[in-house]
Amino acid sequence: MFKIKKVRPLFTGIVTTAKKYVGEVKTSGGLLLDTTRMEGSLNPYQTVVSVGAMCKDVKPGDVVKLNFKRYAKANHAPGAIDEAQNKQFDNLSIVYEIPMIDIDGQECLFLQSNDIEYVVEDYDVDEGGLLQ
């Protein structure tokens, strides 16, 4: 069996953690968010694991805000038929196909530096917060 222990992405590639929403999520102000729709989805705030040679402003250990918009794919499926108006409706769903890699048993995201919106310079982590 082939088990990857460490990677170094090329050019502008980055590898981040793949933390997902679990349980209750609280904001820094103590506001409890409804996580029923977010449960199991990727958190936009991730920690950088490894960077390519051309990533000048990002280093391993940085917490970054990611933008997954580039990985969105629209799926169209035939929906209900309205016989009175002779129309068939479309069921549109959006899925995200984000490249992932398993490194030493831990699931990680394999992205590009342009998927980073910004680097978080300073932060506090509360129990049950967004970076859990």
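Which residues touch the most other members of the largest nonpolar core? Select Leu66, Ile98, Leu109 and Leu111, out of the 15 residues in that core. A nonpolar core here is a set of buried Ala, Val, Leu, Ile, Met, Phe, Trp, Tyr and Cys residues joined through side-chain atoms within 4.5 Å.

Before going on: this is a predicted model, where local features need pLDDT of at least 70 and side-chain atom pairs count only at pLDDT 80 or more, while totals for chains, interfaces and linings use all residues. Residues are numbered from 1 along each chain as its sequence is written, and side-chain values use heavy atoms, with hydrogens and water left out.

Next, color strands S4 (45–51), S5 (63–66) and S9 (106–112), the elements that give two or more residues to this core. Strands are DSSP runs of E, at least two residues, numbered from the N terminus.

Now zoom in on Leu109. Leaving aside residues up to four places away in sequence, its contacts (heavy atoms within 4.5 Å) include Ile14, Thr16, Leu42, Phe68 and Met100.

Hop to Thr16, in strand S1 (residues 13–17). Thr16 is buried, at 0% relative accessible area; the cut-offs are under 20% for buried, over 50% for exposed and partly exposed in between (1.4 Å probe, protein chains only). Among its contacts beyond four places in sequence are Gln46, Val48, Cys108 and Leu111.

Last, two loops. Asn86, between strands S6 (72–82) and S7 (87–96), has a positive phi of about 55 degrees without being a glycine. Asn86 counts as exposed because its relative accessibility is 71%. Asp104 sits between S8 (100–103) and S9, with phi near 50 degrees; at 43%, Asp104 is partly exposed.

Definitions and conventions: Helix = DSSP H or I, 4+ residues; strand = E, 2+ residues; numbered from the N terminus.
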